[in-house]
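Dear colleague,

I am passing on the structure we talked about, and it is shown just below. My notes on it follow, so please read them with the structure open.

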There are 2 protein chains.
Amino acid sequence: MKLQPPKGTRDFYPDEMAWRRFLHDAWRRVSVRHGFEEVDGPIFETLDLYRVKSGDGIVSELFHFTDRGDRELAIRPEFTPTLARMVAAKANALPSPIKWFCTPNLCRAEKPQRGRLREFDQWNIDMLGVEGALADVEVIAVAVDLLAELGVGPELVQVRLSHREVVRQILIALSVAEDKIQDAFTLLDAKAKLPAEVFQEKAKALGLGEEQVARFEIMCGQTFRVGQVDYLRQAAGVDSDLSDLVAIDAMLTDFGLAEWCVYDLGIVRGLAYYTGTVFELHVTTGSERALGGGGRYDKLIELFGGPATPAVGFGMGDVVLTNLLQDQKLIPDEVAPRPDAYVFAMTDAGAAKLPGTVAALRRAGLHTRMSYKATRKMAKLMKDAEACRARFAVILDDGVTQGKAAVKDLAAGEQSEVELAKLSQYLR
Amino acid sequence: MKLQPPKGTRDFYPDEMAWRRFLHDAWRRVSVRHGFEEVDGPIFETLDLYRVKSGDGIVSELFHFTDRGDRELAIRPEFTPTLARMVAAKANALPSPIKWFCTPNLCRAEKPQRGRLREFDQWNIDMLGVEGALADVEVIAVAVDLLAELGVGPELVQVRLSHREVVRQILIALSVAEDKIQDAFTLLDAKAKLPAEVFQEKAKALGLGEEQVARFEIMCGQTFRVGQVDYLRQAAGVDSDLSDLVAIDAMLTDFGLAEWCVYDLGIVRGLAYYTGTVFELHVTTGSERALGGGGRYDKLIELFGGPATPAVGFGMGDVVLTNLLQDQKLIPDEVAPRPDAYVFAMTDAGAAKLPGTVAALRRAGLHTRMSYKATRKMAKLMKDAEACRARFAVILDDGVTQGKAAVKDLAAGEQSEVELAKLSQYLR
């Protein structure tokens, strides 16, 4: 009997689950206060749904199967195709803008390694129906607010921003042919992993001269703060239309996000469907994979059969984020719910009243635990009460025959006699 | 492009998801106050894990697949095998008792019909390490408390209780051979769906005479209230050891559950691994499938390679429960989170302050929405504020140049002028 979970998946015992719940609650709380509504879809979809967006290449990365009706199905590797399907299906019936979030578990048939598992949770934020900088920046603001909520500051994580259309224009001005633009994006995306000579060689293969390769390198190698969009124009050395970035720049300042964000035209995002703004969340020390990323995908809903719909969104997984918070000691010690009361009996009369007392407290909505041990040693039982972090110990002894219990406030150390009939009221 | 979710699965748009979240929150709240800790496991397990508990027959009911390493895997159809694996893996390191809950999504390759889908959520409650009536009744108490939490009373749903060992003894006293006991359980389980003659015929095939068949029918056809265990003995017409049921009977009364429970020795539960108490939650009108069920499974942890461990638990799905609550009009009108503020601009100066004002309120933790419309018609915007159920409308007009906004309390209808710097404080 194999007692381990399948390769690349996790068991969540109470300690790990308490953190997972804490993180999901934070994702949800932040999403809701930014006006996003929760949605979800099936754990599996038709395999074709993933082919629409990603082509046949995606299939080897999926856990896929056929049902008895010979339908080809796959466990979801991401939520975006489901979202696009859902929006396309009810496009005319949905309010505008659509502001949706979800926190699905996703599965990918990848080789497990640090920061990457075969099953993980991913927070998704999507805003559809709003063009331009406001929606882009609202979405970035939610991601930043989540980091702040978890104690992460801009000195630790930065949003690295780029814009697909701006980069495309710069590449064209550098004399990259239209039909080589996707290759140039792919090269940009790989740059961090390539030696300089290899990068330069591949850049030349795109049709760039020596000086243009140098300008390409400068463009994607330097970063600029919010407020320095004009400097970017100089560095790129071309006269591009930066109006989208100028609007985003102003909006980032309005939203109070200037210190959290940096422009980095080397950010591409691997996925081909982004059309405008793209961004990734990176640890400033560079020690981890990206915490998450997203961008504008104005063509996707059409691809899934819906009407033309401007859209922007991002995804943030739980694995890299949790690694970062662990390393930074930002995971709170006490993420599990705290009991209101720990109830135990010291006498036979008390023991007879134990189940009824516990049941009544729970019915009154109090988080109540009890001792299942036969022991009646006060010190031992009091230690158990403290170990589970209960606020109060409720001691049932012969006082129950007069309808009374002893109640000890475990923080203050004070003990009182309380009528059983008023116990839940007292503990509140 | 197929825009529907796969057969037997569901899309959760914001309205459906708000209810799903409400239900999950209720499951969690009730579990926690009864002292259960949340756990979870992988969405898929090795196919062998399900074979251990249910044999090869289970495979056709699973969505199963192989990964690139040729491992046979299956999407989880239930949580119990995962739980048994997790407990067996860390048996010596876990505290006793183990009180765990979870709310996984599960998948079964079944024909979808009312109350039964291919993907659904199931609330699981399990208590391990405690023998006897206390644990059995604690687990039943959690299920009942959830019903009460959702506005369901004992007139609508009853816990139908039986005890495998008691039924086994009665069957043996009725001269059913040991090796026919499983067949007798199967017959009992099917009884409700069989015409009386067919039942009698099949009972005779188990080796029962005419009088014994009649006693068998009486035994499993009548129900008894809590406090009437002795009456059950008479009806069964045999001198069985009912001490387990007697203890449960007393404990049900202690926990205040007498009116919620009824003994029904016709309840078997299909699954072969139950060893003692078994129960199901049934709508009293009989109009739905069981809402859930469970029982004692003292041998299961051993079967998965762990130490002998007394265990009792139950599962409750979301589908039948939601159908019932819908029919009974017990689903609250407003299950979605309610915005604190809806912010809009009436002038250009106000519009310039809109993003910053919204961002500041959200950073302060307030659920804040805004208008994305170009309109500056007050009546229209106020209608939008009311439509999203916001507590306050925040109106940004030229007053913002003096650092002020107009705030309307949408319940009271009163409007005040508030300093922007104190807005979040005012709205709290």
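The copies meet through the same surface, because 100% of the interface residues of chain B are also interface residues in chain A; here two residues are in contact if their C-beta atoms, placed from the backbone, lie within 7 Å. Please keep in mind that this is a predicted model, in which local features need pLDDT of at least 70 and side-chain atom pairs count only at pLDDT 80 or more, while totals for chains, interfaces and linings use all residues. Residues are numbered from 1 along each chain as its sequence is written, and chains are lettered from A and ligands numbered from 1 in the order in which they are written.

The contact takes 67 residues from chain A and 67 residues from chain B. On the side of chain B that touches chain A there are 35 nonpolar, 13 polar and 19 charged residues, where Ala, Val, Leu, Ile, Met, Phe, Trp, Tyr, Cys and Pro count as nonpolar, Asp, Glu, Lys and Arg as charged, and the others, Gly among them, as polar.

As for symmetry, chain B is superposed on chain A by a rotation of 180° with 0.0 Å of shift along its axis, at an RMSD of 0.0 Å. The two copies are thus related as by a two-fold rotation axis, the superposition being by least squares on the C-alpha atoms of residues with pLDDT of at least 70 in both. Of the residues of chain B, Phe65(B) comes closest to that axis, with its C-alpha at 2.7 Å.

Within chain A, the domain assignment, which is automatic or from a database, gives domain 1 (14-41 + 79-327) and domain 2 (341-427). The C-alpha centres of domain 1 and domain 2 of chain A lie 53 Å apart.

Two loop features may also interest you. The peptide bond from Ser96(A) to Pro97(A) is cis, with omega near -5°, and Pro97(A) lies in the loop between helix H3 (80-89) and strand E5 (98-102) of chain A; helices (H or I, at least four residues) and strands (E, at least two) are DSSP runs, numbered from the N terminus. In chain B, the peptide bond from Ser96(B) to Pro97(B) is cis, with omega near 0°. Ser175(B), although not a glycine, has a positive phi of about 75°, and this residue lies in the loop between helix H5 (164-173) and helix H6 (181-190) of chain B.
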